[in-house]
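Thank you for letting me take a few minutes of the meeting today.

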There are 2 protein chains.
Amino acid sequence: MPKALEGVKVLDFSHLLQGPFATQLLGDMGASVIKVERPGQGDLFRTMTFKNKWIGGTESPNFLAWNRNKRSLAIDLKSPEAKDVLYEIARTADVIVQNFRPGVLARLGFGYDDLSSINPRIIYCSGSGYGEDGPYSTRPGQDMLLQGLTGIAAATGRADGPPTPVGAGFADQIGAMNMVYGILSALYWRERSGHGQEVKVDLMSGLLQHQNQELVWVMNMQENLDRPNSSIGHPGVEAPFGVYPTSDGWVTIAMSPFQKLIEVLEAPELTAYNVPARLYVERDEIWKAIAAHTRNWTTSALLEAMLAVDIWCGEIKQHLQAAEDPQVVHRGIVQTYRHSTAGDVKVIGPVVQMSATPPTIERGAPTVGQHTDEILREYGLDNAAIRDLRNRGVVS
Amino acid sequence: MPKALEGVKVLDFSHLLQGPFATQLLGDMGASVIKVERPGQGDLFRTMTFKNKWIGGTESPNFLAWNRNKRSLAIDLKSPEAKDVLYEIARTADVIVQNFRPGVLARLGFGYDDLSSINPRIIYCSGSGYGEDGPYSTRPGQDMLLQGLTGIAAATGRADGPPTPVGAGFADQIGAMNMVYGILSALYWRERSGHGQEVKVDLMSGLLQHQNQELVWVMNMQENLDRPNSSIGHPGVEAPFGVYPTSDGWVTIAMSPFQKLIEVLEAPELTAYNVPARLYVERDEIWKAIAAHTRNWTTSALLEAMLAVDIWCGEIKQHLQAAEDPQVVHRGIVQTYRHSTAGDVKVIGPVVQMSATPPTIERGAPTVGQHTDEILREYGLDNAAIRDLRNRGVVS
């Protein structure tokens, strides 16, 4: 079947997470992505993992997660010859993506002004931590730092404990999706106008946007939402919304008529709490009173009883159990791709379903410079020229 | 200045969060969005807030956060006349968005088959909790439930405490961005092929996708990443990465050479921990040893000392302080729009910067049916016909 972004050429200078996830999303939809990496070490993410364990003994899960559907061109950006090669690619490219600290890539000769003068139709997307100017523009813009700054860490967890970052790099992933949103909007406009443009995305404003609902309340009330002293699941929401213990695990209970839950738990003494004046103010006490009951149920019995009366609820799973969940298995979300050194690698496949142009995994993540020769040949270099670049350490 | 999605017409049947945020993102880029609401009460989100406080006394922050740049058409979807009106709009619309439970809107006559037979160029995007088939397809698909199911709650917080949901509706926001990703990809393809298609997005797979890096490790190692017993900031990352107390607040410290931190803290006794074999395994003990030092610093003194040697770090702020942060203020991220009953409303403005087609807020969120007459007139109804529909309760 065709792909939605077939024919779109992406020249990808990005590394770590924000940029690579964005270009993977474009690649899943059929865009042709050339990933530019340093000869030798390549993308810094190739050197990172969790608990010092590597897939197939050598490969980074972080890198394998965000770099499928790309080809790797390993080339030294500081060499004069790199300009010849990359300008030639940029001449017919549609999209540039980069997430160096502000100004770094422009100083190497690959800024928006450089590439748009070669190709005015180019869409040039930059990602940063805080934006490209202002008092923090030169600070390191790592994911957790932005979670701390923008309020999400202070809104997560318990009041008697510390502010709590999300246990995954959501700031980066959100930044990636904002890149895709900007790039695809710009591509659509270019189809109509003929003009490229510059797109800028940053982690800080992306995280604020994803907390708009909380921030609209806070900014207009001029009052913060404080973490609960229990496992109520959101600093602004009343009981019973939250996480509850069972005899063998944990369940979530979302907004549902409290009376239904009281009946399921056969706990009529809770009825006195079920008045608007108490549900938020006494959220922690109510949580404790409910938890005293839920502890007596197994997870499966409690879920079955609650789902039977359409109480919004669910099980809490760790990753391994989530990947094996019946609904996840039914949906075919976990897929496997082949990597040239790591072998078969399990990953989360493309998640948006499209009837006419379904996104797919066409190739696993590349090794550093795996496609250098192939790409250089496509742009007109002959074997002797490629050998020469290789001998001088420009490409690998 | 022009807008990237100028001329794109969106017929929006969505409510609550996932769909409305998606159509707001399209509206920010210049799409014309008609929001279809129930006469009277309107979108269910209009009845929800935090702590039972309302903006301007009556308006929901939840609704105001996700519904700018739209016009509201209040019409009873169950009335036969609604079909005439909405089919007429669908004839020239580009995009349909909806997030009813699977099958509900099709039973009312507004499914993909209905609308694509009227307009084969239509892009029809549905959002659900778990996907439209499989064992959980009829379960309620609320944000926190999916956080629980997909592993993010179990990966957040401390091992001696409960699994911890993120303190904002990130599952919904991620779902919204996946909608935009699918819709814009489909729009681009339609420019080239002439064909519309159906796009399906769900909260479950979106959250899994945003944990791909953790899941790639876990699924290929067949081992879970366990929460730390301290404020280390991610279940898979070694010390010192985490949240630390100061004498007057909290700071984040991300991946940086530990030796630099030891020097800043003047804590040479920590050097013994700085070996690969200890940094993950003894993460909780190391956290405590570092925290014993950071507690003696003020937040500003510690940040200044760490930033001077380029340690990746930041302050932890609550929402009110985040909104007033110098970098947030510099960037102009907080904007104000006018609402017809709530007055001036502070919100997070569009966050993607585009040089040729900057997204903007052109109108505040609508009241229920605020634009019913205007829209009906645009689609050819005269005043008498509109009065008749209104008298029979079809529109309001």
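This is a predicted model: local features need pLDDT of at least 70, side-chain atom pairs count only at pLDDT 80 or more; totals for chains, interfaces and linings use all residues.

Which way do S12(A) and S6(B) run? They run antiparallel, and two bridges join S12(A) to S6(B), the strand formed by residues 197–202 of chain B. In this pairing, Gln353(A) stands opposite Lys200(B) of S6(B). Elsewhere in the sheet, strand S1 of chain B, residues 9–12, pairs with strand S4 of chain B, residues 95–98, in the parallel sense and over three bridges. Here Val10(B) has Val95(B) in S4(B) as its bridge partner.

Now let us turn to the contact between the chains, to which chain A and chain B each bring 127 residues. On the side of chain A that touches chain B, helix H7 of chain A, residues 170–193, gives the most, with 14 residues. That side of chain A divides into 69 nonpolar, 44 polar and 14 charged residues.

Next comes a pair of helices within chain B. Helix H1(B), residues 18–28, packs with helix H7(B), residues 170–193, at an angle of about 45°, and their axes are 8 Å apart. Because of that angle, H1(B) is oblique to H7(B). The crossing of H1(B) and H7(B) is right-handed. From H1(B) the contact is made by residues including Phe21(B), Leu25(B) and Leu26(B), while from H7(B) the residues include Asp172(B), Met179(B) and Val180(B). Sorted by kind, the residues of this contact are seven nonpolar, three polar and one charged.

Finally, let me step back to chain A as a whole, which contains 17 helices and twelve strands. Its C-alpha atoms fill a box of roughly 85 × 45 × 45 Å, taken along the principal axes. How much of chain A is buried? Of its 396 residues, 58% are buried. If we take the contacts in chain A between residues at least 6 apart in sequence, 70% of them join residues at least 24 apart.

How values were computed: Residues are numbered from 1 along each chain as its sequence is written. Chains are lettered from A and ligands numbered from 1 in the order in which they are written. Axes are lines fitted to C-alpha atoms, for helices over the stretch in contact, and angles run from 0 to 180 degrees between N-to-C directions. Helices (H or I, at least four residues) and strands (E, at least two) are DSSP runs, numbered from the N terminus. Angles under 35 degrees count as roughly parallel, over 145 as roughly antiparallel, 65 to 115 as roughly perpendicular and the rest as oblique. A crossing is left-handed if the near helix is turned anticlockwise from the far one by less than a right angle, and right-handed if clockwise. Two residues are in contact if their C-beta atoms, placed from the backbone, lie within 7 Å. Ala, Val, Leu, Ile, Met, Phe, Trp, Tyr, Cys and Pro count as nonpolar, Asp, Glu, Lys and Arg as charged, and the others, Gly among them, as polar. Two strands pair if DSSP finds at least two bridges between them. A residue is buried if 20 or more other C-beta atoms lie within 10 Å of its own, exposed if 12 or fewer, and partly exposed in between; C-beta atoms are placed from the backbone.
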